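Thanks for asking me to look this over. Here are some friendly notes, point by point, to read with the model open beside you.

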Amino acid sequence: MIYSIQMDFFYTLAPAIDKLNSTEIVLAQDIDRNGSVVKRFIRGTLNDIKNLMIDIDKGNVENWLKNKHFYEVLVKDRPTRIFVDMETNNGDKKTIEHSIKVLIKAFRIFCKDPDCEFNILDSSSNDKISFHIVGSDKSPYMKNSFHVGALIRRVTCFIYSCRINKQYSEEFTKNDIDSFFDKDDQYIIDDVIYTTNRFWRMCDSSKMSSSARVLSAPGCNWLNCMVQSAHITNIKECLEIDDSEPVSTSKKTMKLYQCINNTWINVDKDSNYQ
């Protein structure tokens with residue numbers, strides 16, 4: 001098989017991201033290996049990836065690439081757009097769509113930009129409601145994916161505070177806050193994804209295990225929904241709600257923080273509040 005460009009392929013992540021330079025991107029692709037779904041990794045420049053996608057659309061690739069099951073590997077220390085995964089197996093789609101509008105309102109307040117825009121990607125099915133929200137060209141880049149996580153945890157603390165204390169406003173009504181919880185009263189924002197080398201499913205792709213659920217939206221494509229760039233200088237920072245520097249964590253916000261005497265305490269680090 002002849003590709004438009006020579007690219008590097010790996011079966012494990014470590015060599016794929018080893019000595020990664022600022023012009024290179026790493027993608028993961030679901031593949032079938034002895035009946036199990038595993039990842040194969042692709043490393044190249046943005047132009048390499050563009051040419052690969054052209055080859056895929058032409059069918060000029062090996063079988064393992066013909067169906068798009070791609071993920072962007074979000075490496076640490078690289079400017080990152082705001083990205084959010086919202087999902088539930090027992091919710092109302094219109095309610096979830098309303099919560100997305102409320103979330104974007106919160107992001108605009110944080111960014112101090114009422115014109116800040118986001119791409120809303122849908123991969124819902126009859127059994128599951130699933131949305132990805134990704135910053136557009138009219139939204140900021142954060143310092144790294146961990147700072148995005150800190151922003152999501154701040155928003156999460158705000159949502160839980162409003163609900164627990166029954167403190168609502170015209171800007172964030174009870175209906176707005178309740179829209180972040182499904183019919184089982186489960187929080188619909190996945191707040192545990194802001195970890196090192198996170199695999200973030202790309203626009204126009206599906207998981208191999210659920211090929212019918214393609215992540216897409218009108219006017220969106222894999223290129224304009226890429227989350228990271230190494231060449232952004234105007235970035236925002238967001239410290240944790242206790243003003244600490246964000247780090248990789250897979251723990252839920254409410255397992256990390258508690259509001260004690262009107263102060264948010266990281267109970268995961270502070271043994272006095274274990």
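**Notes on helix α4**

1. The buried residues of α4 are Ile-96, Ser-99, Ile-100, Val-102, Leu-103, Ile-104, Ala-106, Phe-107 and Cys-111. Buried here means under 20% relative accessible area, with exposed over 50% and partly exposed in between (1.4 Å probe, protein chains only). Helices (H or I, at least four residues) and strands (E, at least two) are DSSP runs, numbered from the N terminus.

2. A word on the source: this is a predicted model, in which local features need pLDDT of at least 70 and side-chain atom pairs count only at pLDDT 80 or more, while totals for chains, interfaces and linings use all residues. Residues are numbered from 1 along each chain as its sequence is written, and side-chain values use heavy atoms, with hydrogens and water left out.

3. Helix α4 covers residues 93–111, and its 19 residues should span 27 Å at 1.5 Å a residue; the end C-alpha atoms are 27 Å apart, which agrees. The expected span is 1.5 Å times one less than the number of residues. Just after α4, Lys-112 has a positive phi of about 55°.

4. What lies over the buried residues of α4? The cover includes the strands β6 (83–88), β7 (118–122), β8 (129–135) and β11 (235–236), together with the helices α5 (145–165) and α6 (174–178).

5. Have a look at α4 against α5: they pack at an angle of about 115°, with axes 11 Å apart. Axes are lines fitted to C-alpha atoms, for helices over the stretch in contact, and angles run from 0 to 180 degrees between N-to-C directions. From α4, Leu-103, Phe-107 and Phe-110 make the contact; from α5, Leu-151, Ile-152 and Val-155 do. Contact means heavy atoms within 4.5 Å.

6. Rings of Phe, Tyr and Trp (its six-membered ring) pair if their centres lie within 6.5 Å; planes under 30 degrees apart count as stacked, over 60 as edge-to-face and the rest as tilted. The count by this rule is nine aromatic pairs. In one of them, Phe-107 and Phe-118 have ring centres 5.3 Å apart and planes at 40°, so the pair is tilted. Because Phe-107 lies in helix α4 and Phe-118 in strand β7, the pair ties together parts 11 residues apart in sequence. Phe-118 is also buried, at 11%.

7. Finally, Arg-108 sits in helix α4 and counts as partly exposed, at 31% relative accessibility. Leaving aside neighbours within four places in sequence, Arg-108 is in contact with Asp-113, Pro-114, Cys-116 and Glu-117.
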